[in-house]
Amino acid sequence: TIFRRWLEEARKTEVNDPDAIALATVDEEGLPNVRMVLLRIIEDDAFVFFTNYGSKKAKEAFLTNKVAFNIHWKSLRRQIRVRGHVEKEDGVIADQYFSRREVGSQAAAWASKQSEELNSREQLLKSIQDYKKKYSNKSDVPRPSHWSGWILSPDSIEFWLDGENRIHERLKYNKDNSGTVSYTHLR
């Protein structure tokens with residue numbers, strides 16, 4: 001509830017992508033990687049984002065099924081940290097979301113070999129144009145099987161509010177293995 005309320009406020013004040021999250025994964029050597037992705041859906045008990053399953057972030061998420069993200073709204077002086085477990089979405093939510101994307105974004109999902117070395121930008125742009133032509137007469141572009149959603153079930157969520165003289169307010173919610181949620185007020 002707090003997350004949804006803060007996001008609605010951010011949509012009124014943030015200039016670009018109020019739903020952009022810094023998603024963290026860990027590679028096979030234990031080194032962290034962080035990149036920006038868009039958080040597209042907030043369910044009652046999970047967060048959903050979409051990506052190419054061939055991407056580095058997806059491969060790293062497969063390793064441990066654990067990720068973390070941070071979302072920061074500078075204009076509101078607020079941020080939220082989330083840690084938890086991820087699993088592949090079964091495709092139903094991804095199909096619905098994909099069908100609402102612009103045709104250019106749909107074509108790019110088909111054309112992109114995300115995280116692979118690119119021979120040339122022109123080759124990628126040509127491939128996108130080829131997919132736009134291929135699906136130009138169709139109102140429903142099918143979702144590629146390599147592009148889908150992730151469902152993040154949080155183990156902890158920490159809300160951070162800016163405070164005067166750097167006396168910030170931090171509210172942390174933890175979920176244990178039985179599903180019981182506890183609340184902590186941090187310094």
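Contact is taken here to mean heavy atoms within 4.5 Å. In this predicted model, Ile80 is in contact with Phe3, Trp6, Phe69, Asn70, Ile71, Trp73, Ile157, Glu158 and Phe159, once its neighbours within four places in sequence are left aside. Ile80 is also among the residues with the most contacts inside the largest nonpolar core, together with Phe3, Phe47, Phe69 and Val82. That core has 26 residues. At least two of its residues come from each of helix H1 (2–13), strand E1 (20–26), strand E2 (32–42), strand E3 (47–52), helix H2 (56–64), strand E4 (66–73), strand E5 (78–88) and strand E6 (147–161). Another core, of 13 residues, lies apart from it and includes Ala46, Ile93, Tyr97 and Trp110.

The overall architecture comprises 5 helices and 8 strands. Along the sequence these elements follow the pattern α-β-β-β-α-β-β-α-α-α-β-β-β. The C-alpha atoms fill a box of roughly 55 × 35 × 30 Å along the principal axes. Of the 187 residues of the protein, 37% count as buried. Where contacts join residues at least 6 apart in sequence, 58% of them link residues at least 24 apart.

Aromatic side chains were examined next. The count of aromatic pairs comes to 18. One of these is formed by Trp110 and Tyr131, whose rings are stacked at 5.7 Å centre to centre with 25° between the planes. Trp110 belongs to helix H4 and Tyr131 to helix H5, so this pair ties together parts that are 21 residues apart in sequence. Tyr131 is partly exposed, its relative accessible area being 22%. An edge-to-face arrangement is found for Phe159 and Tyr173, with 6.0 Å between the centres and 85° between the planes. Because Phe159 lies in strand E6 and Tyr173 in strand E7 (residues 169–175), the pair ties together parts that are 14 residues apart in sequence. The two partners fall into separate accessibility classes: Phe159 is buried, with a relative accessible area of 5%, whereas Tyr173 counts as partly exposed at 27%. Phe159 and Tyr173 also belong to one aromatic cluster with Phe3, Trp6, Phe47, Phe69, Trp73 and Tyr183.

The packing of helices H4 and H5 was then considered. Two packed helices are described by the angle between their axes and the distance between the axes. The axes of H4 (residues 103–111) and H5 (residues 121–134) come within 8 Å and cross at roughly 120°. The crossing of H4 past H5 is right-handed. On the H4 side, the contact involves Val103, Gly104, Ala107, Ala108, Trp110 and Ala111, which meet Leu124, Ser127, Ile128, Tyr131 and Lys132 of H5. By class, 8 nonpolar, 2 polar and 1 charged residues make up this contact. The stacked partners Trp110 and Tyr131 are both part of the contact between the two helices.

Burial in H4 extends to Gln106, Ala107, Ala109, Trp110 and Ala111. The cover over the buried residues of this helix includes helix H3 (92–100), H5 and E6. Gln106, which lies in H4, counts as buried at 4% relative accessibility, the limit for burial being under 20%. Not counting residues up to four places away in sequence, Gln106 touches Phe98, Ser99, Arg101 and Val141.

Backbone geometry was also inspected. Most residues other than glycine have a negative phi, and most peptide bonds are trans. Asp17, although not a glycine, has a positive phi of about 40°. This residue, Asp17, is placed in the loop between H1 and E1 and counts as partly exposed at 47% relative accessibility. A positive phi is likewise found at Asn65, another residue other than glycine, where the value is near 60°. Asn65 is located in the loop between H2 and E4, and its relative accessible area of 35% makes it partly exposed.

Conventions
Residues are numbered from 1 along each chain as its sequence is written. This is a predicted model: local features need pLDDT of at least 70, side-chain atom pairs count only at pLDDT 80 or more; totals for chains, interfaces and linings use all residues. Side-chain values use heavy atoms; hydrogens and water are left out. A nonpolar core is a set of buried Ala, Val, Leu, Ile, Met, Phe, Trp, Tyr and Cys residues joined through side-chain atoms within 4.5 Å. Buried means under 20% relative accessible area, exposed over 50%, partly exposed in between (1.4 Å probe, protein chains only). Helices (H or I, at least four residues) and strands (E, at least two) are DSSP runs, numbered from the N terminus. Axes are lines fitted to C-alpha atoms, for helices over the stretch in contact, and angles run from 0 to 180 degrees between N-to-C directions. A crossing is left-handed if the near helix is turned anticlockwise from the far one by less than a right angle, and right-handed if clockwise. Ala, Val, Leu, Ile, Met, Phe, Trp, Tyr, Cys and Pro count as nonpolar, Asp, Glu, Lys and Arg as charged, and the others, Gly among them, as polar. Rings of Phe, Tyr and Trp (its six-membered ring) pair if their centres lie within 6.5 Å; planes under 30 degrees apart count as stacked, over 60 as edge-to-face and the rest as tilted.
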